[in-house]
Amino acid sequence: MIESPSKMLIDVQNNIAAAAKRAQRDTDDINLIAVSKTRRSEEIIPLLEQGHKSFGENRVQEAMEKWPALRSQYDGIELHCIGQLQSNKAAEAIATFDVIHSLDRISLLKALAKEMKKADKYIPCFLQINIGDEEQKGGCAVKDIANLLEAATNADIPIIGLMCIPPADMEAAPFFALLAKLADEHDLPNLSMGMSSDYETALTIGATHIRVGTALFGPRIRNAE
């Protein structure tokens, strides 16, 4: 029997508290992003009713369709763009999201900078790093971080941290540790890393933002498009 999202939220919060205690960290420094991509509003509302405010979506169009109605009912929602972002969706992304986790290339940076200036809305961004150097994945190469950071500074885009998705079927901890090292080298305070299967490990290595879906909602009812 699948537990309710409300009960699953409590379980995840308890796991976060335990991991933070082991790492001698304050839970106030940890942002739990409920990954609501492909989830219907009726699946999301139980978490909103519990007071959870931070959610993540992969696709701009889905977020634009789903969240205006929810935001009209619940105050204080913080919406994170956690999926690969196309440059031609920059304007919509700026209008829809509060944080972007997937800035990974100069062309996207230029598009975001143009739309941020036009909207006078400079939203915080993470650089997504291709931490496992995988050809099929998005993300900035490790060697290109400094150049992308310099370009972001010149474009007035606020970069608040680094994000990664480790290679599947490999131990995540070494990749989390590398991301933490890179963030420290570039004086960036936030780390977006860790998902349902490995968020406790990520927290012990310094994650400030964890992106959790299945552990909060259960198995997906329908597949992502």
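Helices (H or I, at least four residues) and strands (E, at least two) are DSSP runs, numbered from the N terminus. The structure is a predicted model, in which local features need pLDDT of at least 70, side-chain atom pairs count only at pLDDT 80 or more, and totals for chains, interfaces and linings use all residues. Residues are numbered from 1 along each chain as its sequence is written, and side-chain values use heavy atoms, leaving out hydrogens and water.

Lys 114 is exposed, because its relative accessible area is 56%; exposed means over 50%, buried under 20% and partly exposed in between (1.4 Å probe, protein chains only). Its C-alpha atom is separated by 8.6 Å from that of Ala 155, 41 residues apart along the chain.

Ser 36 sits in the loop between strand S1 (31–35) and helix H2 (41–49). With 0% relative accessibility, Ser 36 counts as buried. Leaving aside residues up to four places away in sequence, Ser 36 touches several others (heavy atoms within 4.5 Å), among them Ile 44, Phe 55, Glu 62, Lys 66, Trp 67 and Phe 217.

Helix H3 can be followed next. The 14 residues of H3 (residues 60–73) should span 20 Å at 1.5 Å a residue, and its end C-alpha atoms are 20 Å apart, which agrees; the expected span is 1.5 Å times one less than the number of residues. The buried residues of H3 are Val 60, Glu 62, Ala 63, Lys 66, Trp 67 and Leu 70. These buried residues pack against H2, strand S2 (54–57), strand S3 (78–81) and helix H4 (90–96).
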